[in-house]
Amino acid sequence: MTPRHLPFRAAPAALLLCIALAIWAGPVAAQQPRLITLDAEDAYLPSVLKILAEKGDLNIVTGPGVTAGRLSIHLKDVPID
């Protein structure tokens with residue numbers, strides 16, 4: 001193998017490395033926070049947590065004791081991180 005063919009063999013690996021770094025680094029510009037609006041009166045706690053998880057694209061894990069209870073909650077354009 002001559003030295004001039006070496007860069008062509010290394011090119012796919014270098015391209016793959018650049019793509020992986022671009023994906024891992026993420027976008028350069030700052031992302032806008034996700035905003036959630038939720039109004040609930042005398043709602044069951046598990047239902048409110050389920051709605052928050054769905055709207056915020058979150059995983060909410062509760063303990064076995066969180067099966068009942070009622071609450072009122074009013075959120076307007078609240079950022080979810």
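Which residues of H2 are buried? In this predicted model, the buried residues of H2 are Val48, Leu52, Ala53 and Gly56.

## Overall architecture

The chain contains two helices and two strands. Read from the N terminus, these elements follow the order α-β-α-β.

Of the 81 residues in the chain, 12% are buried. The chain exposes about 6900 Å², and carbon and sulfur atoms supply 65% of that area. Among contacts between residues at least 6 apart in sequence, 61% join residues at least 24 apart.

## The nonpolar core

The largest nonpolar core has eight residues: Ile36, Leu38, Ala40, Ala43, Val48, Leu52, Ile73 and Ile80. At least two residues of this core come from each of strand S1 (34-44), helix H2 (45-56) and strand S2 (70-80). The most is given by S1, which supplies four residues. As a general background, nonpolar side chains tend to be buried together in soluble globular proteins.

When residues up to four places away in sequence are not counted, Leu38 touches Val48, Ile51, Leu52, Lys55, Ile73, His74 and Leu75.

## Helix H2

H2 has 12 residues, which at 1.5 Å a residue should span 16 Å; the end C-alpha atoms of H2 are 16 Å apart, in agreement with that expectation.

Val48, Leu52, Ala53 and Gly56 are the buried residues of this helix. They cover an arc of only 135° around the axis, and therefore lie on the same side of H2. The buried residues of H2 pack against S1 and S2. On the other side of H2, Lys50 and Glu54 are exposed.

Just after H2, the chain continues with Asp57, which takes a positive phi of about 50°.

## The salt bridge between the strands

How many salt bridges does the count give? The count comes to one. The side chains of Arg70 and Asp42 form this salt bridge, with a distance of 3.0 Å from N to O. Because Arg70 lies in strand S2 and Asp42 in strand S1, the pair ties together parts that are 28 residues apart in sequence.

Are the two partners buried or partly exposed? Arg70 is partly exposed, with a relative accessible area of 43%. Asp42 also counts as partly exposed, at 46% relative accessibility. The cut-offs explain both assignments, because partly exposed covers values between the buried limit of under 20% and the exposed limit of over 50%.

## The surroundings of Asp42

Asp42 is found in strand S1. Leaving aside neighbours within four places in sequence, Asp42 is in contact with Arg70, Leu71 and Ser72. One of these contacts, Arg70, is its salt-bridge partner.

A further distance describes the position of Asp42 relative to another part of the chain. Asp42 and Gly69 are 27 residues apart along the chain, and their C-alpha atoms are separated by 9.1 Å.

Key: Residues are numbered from 1 along each chain as its sequence is written. This is a predicted model: local features need pLDDT of at least 70, side-chain atom pairs count only at pLDDT 80 or more; totals for chains, interfaces and linings use all residues. Side-chain values use heavy atoms; hydrogens and water are left out. A nonpolar core is a set of buried Ala, Val, Leu, Ile, Met, Phe, Trp, Tyr and Cys residues joined through side-chain atoms within 4.5 Å. Buried means under 20% relative accessible area, exposed over 50%, partly exposed in between (1.4 Å probe, protein chains only). Contact means heavy atoms within 4.5 Å. A salt bridge is a side-chain nitrogen of Lys or Arg within 4 Å of a carboxyl oxygen of Asp or Glu. The expected span of a helix is 1.5 Å times one less than its number of residues. The arc is that of the directions from the helix axis to the C-beta atoms. Accessible areas come from the Shrake-Rupley method with a 1.4 Å probe; for residues, only the protein chains shown count as cover.
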